[in-house]
Amino acid sequence: VSLDGVLYFSGQDEETGRELWSYDPATSTLELVADILEGPKPSTPNFLAVFNDEVYFRAFTFGSKKELWHYDPDTGLAVQTPDIRDPDSAAPAEMTPLGGQLYFRAFDDPVGDELWRYDPETNAHTLVVDIVPGPQIGEPRHLRVVDGRLYFIARAPNEGPWQQIWEYDPATDAAEMKVVLPAGDEGAEWR
């Protein structure tokens, strides 16, 4: 991802393993910006997104947990957001900014893999919608913003993988299934 003319990415060397790096094309400077798991153990940052003038990403933490982190280039600090699923991994993915919030897919035992959001003002996570009620997973994928609304593909119970298109409107805080796609072996995808 790019923030203020600097590229941020998951890079690897022998001393640090795979960690968060930056490259500034204006100065040709390559720099390790966050060694979350110090030493050669990799934190493997992925699902990078620019939000609120910071770089947000998923990283492995101690105990092989995958959690939501953010890096502030002004302070040079990488900080983990509060746990969603303590002491286990929430595995947030597909971070997507919309209207001052960061939306993503994450796992928690009572609801499974569902749509969540992070509010940097309150430093809190909130479940947006439990697509498949209970511990079954809705597994929202391919989050996209169109005209101020969040669209995604989700699993439909007994319909095959990723067979529903959903819409979330932050103005009304309402999510609804818009259409069931024709059944197929692989389900639907958009990129």
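1. Two strands are taken to pair if DSSP finds at least two bridges between them. On that basis, this predicted model contains an open sheet of four strands in the order β9-β10-β11-β12, with antiparallel pairing. The edges of the sheet are formed by β9 (93-98) and β12 (124-129); each has a single partner strand, so one side of each is left without a neighbour in the sheet. From one strand to the next, the twist averages 35°.

2. Within this sheet, strand β11 (residues 112-119) and β12 run antiparallel and are joined by five bridges. H125, in β12, is the bridge partner of Y118.

3. T81 is placed in the loop between β8 (77-80) and β9, and its side chain joins that of H125 through a polar contact of 3.0 Å. Apart from neighbours within four places in sequence, T81 is in contact with L68, H70, Y118, N123 and H125. Is T81 buried or exposed? The relative accessible area of T81 is 3%; the residue is buried because this value is under 20%.

4. When residues up to four places away in sequence are not counted, R105 touches A91, P92, A93, E94, D113, E114, E139, P140 and R141.

Note on methods. Residues are numbered from 1 along each chain as its sequence is written. This is a predicted model: local features need pLDDT of at least 70, side-chain atom pairs count only at pLDDT 80 or more; totals for chains, interfaces and linings use all residues. Side-chain values use heavy atoms; hydrogens and water are left out. Helices (H or I, at least four residues) and strands (E, at least two) are DSSP runs, numbered from the N terminus. Axes are lines fitted to C-alpha atoms, for helices over the stretch in contact, and angles run from 0 to 180 degrees between N-to-C directions. Buried means under 20% relative accessible area, exposed over 50%, partly exposed in between (1.4 Å probe, protein chains only). A polar contact is a pair of N or O atoms within 3.5 Å; within protein, one must be able to donate a hydrogen and the other to accept it, and residues adjacent in sequence count only if both atoms are side-chain atoms. Contact means heavy atoms within 4.5 Å.
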